[in-house]
Number of protein chains: 4
Amino acid sequence: MWLIGFSVLTVMLESIPSINAKYSTLIHGLEWFFTIAFTLEYALRIWLVRRPSRYIFSFYGVVDLLSCLPTYLALLDPTHSSFAVIRVLRLLRMFRVMKMVHHIRGANTLMRGLRSAAPKITVFFTSVLLLSIVAGTIIYFIESGVEDTKFTSIPISVYYAIVSITTVGYGDITAVTALGKIFTTLLILTGYAIIAVPTGIVTSEMINAHKQDETTDACPSCGVHGHLIDAKFCRRCGEKLD
Amino acid sequence: MWLIGFSVLTVMLESIPSINAKYSTLIHGLEWFFTIAFTLEYALRIWLVRRPSRYIFSFYGVVDLLSCLPTYLALLDPTHSSFAVIRVLRLLRMFRVMKMVHHIRGANTLMRGLRSAAPKITVFFTSVLLLSIVAGTIIYFIESGVEDTKFTSIPISVYYAIVSITTVGYGDITAVTALGKIFTTLLILTGYAIIAVPTGIVTSEMINAHKQDETTDACPSCGVHGHLIDAKFCRRCGEKLD
Amino acid sequence: MWLIGFSVLTVMLESIPSINAKYSTLIHGLEWFFTIAFTLEYALRIWLVRRPSRYIFSFYGVVDLLSCLPTYLALLDPTHSSFAVIRVLRLLRMFRVMKMVHHIRGANTLMRGLRSAAPKITVFFTSVLLLSIVAGTIIYFIESGVEDTKFTSIPISVYYAIVSITTVGYGDITAVTALGKIFTTLLILTGYAIIAVPTGIVTSEMINAHKQDETTDACPSCGVHGHLIDAKFCRRCGEKLD
Amino acid sequence: MWLIGFSVLTVMLESIPSINAKYSTLIHGLEWFFTIAFTLEYALRIWLVRRPSRYIFSFYGVVDLLSCLPTYLALLDPTHSSFAVIRVLRLLRMFRVMKMVHHIRGANTLMRGLRSAAPKITVFFTSVLLLSIVAGTIIYFIESGVEDTKFTSIPISVYYAIVSITTVGYGDITAVTALGKIFTTLLILTGYAIIAVPTGIVTSEMINAHKQDETTDACPSCGVHGHLIDAKFCRRCGEKLD
């Protein structure tokens, strides 16, 4: 549905001050058009779905509701007194983008792939986090003595360690002392080695997933499944496979 | 053809102000030399090819035409009145570089590999984009309250989110608030996990492509395996394969 | 143990000046609470473990001791005269985070995977380091002639080379001259090629580890191989496998 | 040889102005010590090797010569008149580091792996370069109209494109216009997809290399395969393998 894409684009453009000032009326109009369209869709779904209560409290039901509600709520407060609240509501409309997940074919396959590697990736992430905390503490100790240092606290140093390990490297905080630079170098090389681990995890999961595609039905006599594609006899009981 | 390489180099050097001012005449001369050479090539191709119309409207035909046309068009307007137009034309000559794709052996193999993984990669990209839009909105909400923030609109925040997820990290825009930094950290770690996915996709495609070149069967009489897929007789003992 | 997580969080927050000034008493109290808890744990372990001396000098024994000792030592010097020493002691408490390694399930599996690829990765790192030293020297030679250059010495240039090869790219030091930029480009592309090597090493190690889950035997009567580990009959001819 | 490591360290430290000023005499002394050691090694090798001329003109022969020559040449010109020449000579000593390649076990295996994937990687690099040239031209066209732009010429824009595609992202040059940012985003995502390709190439090469370590033959009498390369008898039935 291109409608979702356009509505998200409208909210994005509205957030740019110069564009909002110029095309204020047009954006306002479009906003109402999208809101009404989504409200209709939401109403239709509730009406048509067999079990409305189950839809309403499902993930997509909540997303659909959040897609249209904010505009109405903004209407309730025409004096724009509670600016902060409205800003949040406006941004909530951005979550319409999650409705698009519906429409991407193959996204489920990808999600399944990620989910099968999830426990390994979680372990990996916790390790990276622990490593970053230790590394951040060390670099904080090294760098915090310098005047006008940007390593003002441990959390910021941990943030620096994570940005370095993941090879992002914004450059807003950088080591100034010689020792700090040497330590950063070691840290980066560690991160460089570590990047191979999650890649390897996902790749080997994917190759295994491929192999499972070669398996066919279960044996009609003993029920064992997971035969290779060219299998003609059950590998457990020797019965012929159809 | 080194000619293409040199002509592209000439256009690149011409764009550097200091060099253009110094060697203006030489560059101009070279430019005309290349243009005439490409024109000759283009004329010869049209003359020699059996179906000229098909060549002219093919991708490479258009590229070849764009390689020589801009210089002539610049001649039509000797008073340099329409500066903007000429600049575009000059840059169009850079597309000569695409003529080099012809001459790279093996590029086709690479393209085929990429194309076979294309649908999966498209799904993946759309997911990254959706994730960036959601993340950009959240970080915009977190950071936009600060004075002199660089997160002036949602599109810029989405740009920041993409730059962070992909581990590019220019550093022209960075989170200032503590919450923004924590969220960025989470975002980067997600991006770090996600980098493994396209790598895994392409790698498993490549390994499968390799595998399809061999059968998984051994010869029933001599036990040799690893026969090619179209093999009908065992390459060791000559026995017929089933 | 969430206790460890909270205690690490407390030390981190204490390092932020603004928070430390505000909640000084609360943080102090929490600090003593955690220290006493860890001391009790340490005492209990020594009391309960059969061979206390072996525990005390083990890795985790030292970590446990360092978790509680610093706070007591800080008490010995109430006048805060030796500020530098106390700062180190305070940071030592951060190593409590290493106690969490105990509690991550699967971390051992990950470590074993990394360790099996360790000799290859070591070779790889030494190569990257040598390459960086050579590249750093060249870029130092190219860039050091410029006024106000940031490439003030070879070690800094090597740091720049490593930051570039690993695609971190802080941007605190960047090439200014044209030649320096061309060389940096070459260096980055090399680094880009090199990132594939450790990834490939770990991935192939992981895939090989997976493969050991399949039998390496072929059927004795028809020669088909690649049977699954639980196979008892050949999937082609139905013959019993031994 | 730790000697090489220390000598390289000495040259590196000498390049730091503050250290050079302080320990000038010590560094000078060490320099002469290393030079004499390397000269002795070089002389011994020529004396002991059967075919000296072949050694002298080999890669390592030239490296060994360059390791000791610069210090002597610097002696010839005690007035330090030709400063530029001496600086080059001094840096040449850094190439001593290449002597260490001798001593890294397993480096040859790594090099062989890289070399087998070399033609594919070359094709890949040329493609990245062509893509960068096209992308650099487009971004130059988009950004060069802005006042005080950093995209002053096409080569610099190509440099920016390469830095973006490879996810290095120094941040010394960044897009300012909205269109430039959108285009950069597309470029980065392309680069993100492309990083998977060389990784995939090397990984599949490595997995294939692993496979080649096993014979491709099955035992002619019992059909067991996967014999090690040095196997002379079937490990299952004892039949002689051919």
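In α10(B), the buried residues are B:G180, B:K181, B:F183, B:T184, B:T185, B:L187, B:I188, B:L189, B:G191, B:Y192, B:A193 and B:I194. Buried means under 20% relative accessible area, exposed over 50%, partly exposed in between (1.4 Å probe, protein chains only). This is a predicted model: local features need pLDDT of at least 70, side-chain atom pairs count only at pLDDT 80 or more, and totals for chains, interfaces and linings use all residues. Residues are numbered from 1 along each chain as its sequence is written, chains are lettered from A and ligands numbered from 1 in the order in which they are written, and side-chain values use heavy atoms, with hydrogens and water left out.

**Exercise 1.** Describe helix α10 of chain B.

Step 1. Find its extent: α10(B) covers residues 178–194, 17 residues. Helices are DSSP runs (H or I, at least four residues), numbered from the N terminus.

Step 2. Check its span. From first C-alpha to last, α10(B) reaches 24 Å, close to the 24 Å expected at 1.5 Å a residue. The expected span is 1.5 Å times one less than the number of residues.

Step 3. Judge its surroundings. Twelve of the 17 residues are buried, so α10(B) is largely enclosed by the rest of the structure.

**Exercise 2.** At what angle do α9(B) and α10(B) pack?

Step 1. Take the axes, lines fitted to C-alpha atoms over the stretch in contact; angles run from 0 to 180 degrees between N-to-C directions. The angle is about 50°, and the axes are 8 Å apart.

Step 2. Classify it. The two helices are therefore oblique to each other. Angles under 35 degrees count as roughly parallel, over 145 as roughly antiparallel, 65 to 115 as roughly perpendicular and the rest as oblique.

Step 3. List the partners. B:Y160, B:A161, B:S164 and B:I165 of α9(B) meet B:T184, B:L187, B:I188 and B:G191 of α10(B). Contact means heavy atoms within 4.5 Å.

**Exercise 3.** Is B:Y159 buried or exposed, and what does B:Y159 touch?

Step 1. Locate B:Y159: this residue lies in helix α9 of chain B.

Step 2. Read its accessibility. B:Y159 is buried, with a relative accessible area of 4%.

Step 3. Leave aside neighbours within four places in sequence. B:Y159 is then in contact with B:Y170, B:D172, B:I173, D:K181, D:T184 and D:T185.
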